[in-house]
Amino acid sequence: MMYLKAFVVGGLICAIVQIFMEKTKIKTPRILVSLVVIGAILTGVELYEPVVEFAGAGATAPLLGFGYALAKGVFKAVDESGLLGVLTGGLTATAGGITAVIVLAYIVSFISKESNDNK
Amino acid sequence: MISEKQKKEYKDYVEQKTPNHNLMVDMVLAFIFGGIFSVIAQGVYDLLMSNGFEKIDASTWGSISLIFISAVLTALGWYKKIVKYAGAGIIVPITGFANSVISTAIEYKNEGQVFGIGAKIFIIAGPVILFGCLSSVVIGAIYYIIQLVG
């Protein structure tokens, strides 16, 4: 059941963004940044947590989930260490993903024979 | 003279050969691919949860597994083939963020370690990290003030 919910919600988020992409011709990096910020704001106003509880990875696998992790991380850090948590929470919670991306990018750039045009 | 039947046949032929950019079709493809990536992350999450992992760690591993899949697809040159069909279905999951960073690293690898890969890797990662941090600090500051006042 959880898999069905994850599939439908994750799929719906992508289908909605597909409409935006075709109607507005916004470039991919802007889409990525917007999704992260929207995810963080939705989590900040406590609208995204219910979606995550309902759909699990259907809500956390889309980039909105990256924003969700940032906001959740900062809440937790503020609870634990006060004002300093405002600065440390976001990156701490997303450090695993960010480091995985840049380290894999570095490794792949050596392995891959593709010289360009991989976007 | 070209008969109506021939006209119709030609029209059908053109429609069949033209790359399909019908919004409905694209949305369905985005839905399916986005759904599949979500299910993969959910599978990793469930597997780790049943092995006693923390919720937040299991969720992070789910995302990292998608990042890894994206790295493999990009390295093999398959990502760019899939994205033509999947569209937002592969861009919106964290696979899209991973590919943007990885493909820039590949693109600039010939420009050197520091000013090539080192600097250019953040052309895409940079804005995401900056605006991500910025929103988390704003949200955190508001939350901190509410805690103080409340």
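Colleague: How many helices and strands does chain B have?
Modeller: Chain B has eight helices and zero strands, where helices (H or I, at least four residues) and strands (E, at least two) are DSSP runs numbered from the N terminus. This is a predicted model, in which local features need pLDDT of at least 70 and side-chain atom pairs count only at pLDDT 80 or more, while totals for chains, interfaces and linings use all residues. Residues are numbered from 1 along each chain as its sequence is written, and chains are lettered from A and ligands numbered from 1 in the order in which they are written.

Colleague: Which residues of H4(B) are buried?
Modeller: Tyr79(B), Val83(B) and Ala86(B) are buried in H4(B), buried meaning that 20 or more other C-beta atoms, placed from the backbone, lie within 10 Å of a residue's own, with exposed at 12 or fewer and partly exposed in between. Seen down the axis of H4(B), they fall within an arc of 75° (taken from the directions from the helix axis to the C-beta atoms), so they line one face of the helix.

Colleague: And what sits on the face turned away from that buried side?
Modeller: That face of H4(B) carries the exposed residues Lys81(B) and Lys84(B).

Colleague: Switching topic, how many residues of chain B are in contact with chain A?
Modeller: There are 66 residues of chain B in contact with 69 residues of chain A, contact requiring C-beta atoms, placed from the backbone, within 7 Å. H8(B) provides the largest share of the chain B side, 17 residues.

Methods:
Contact = placed C-beta atoms within 7 Å.
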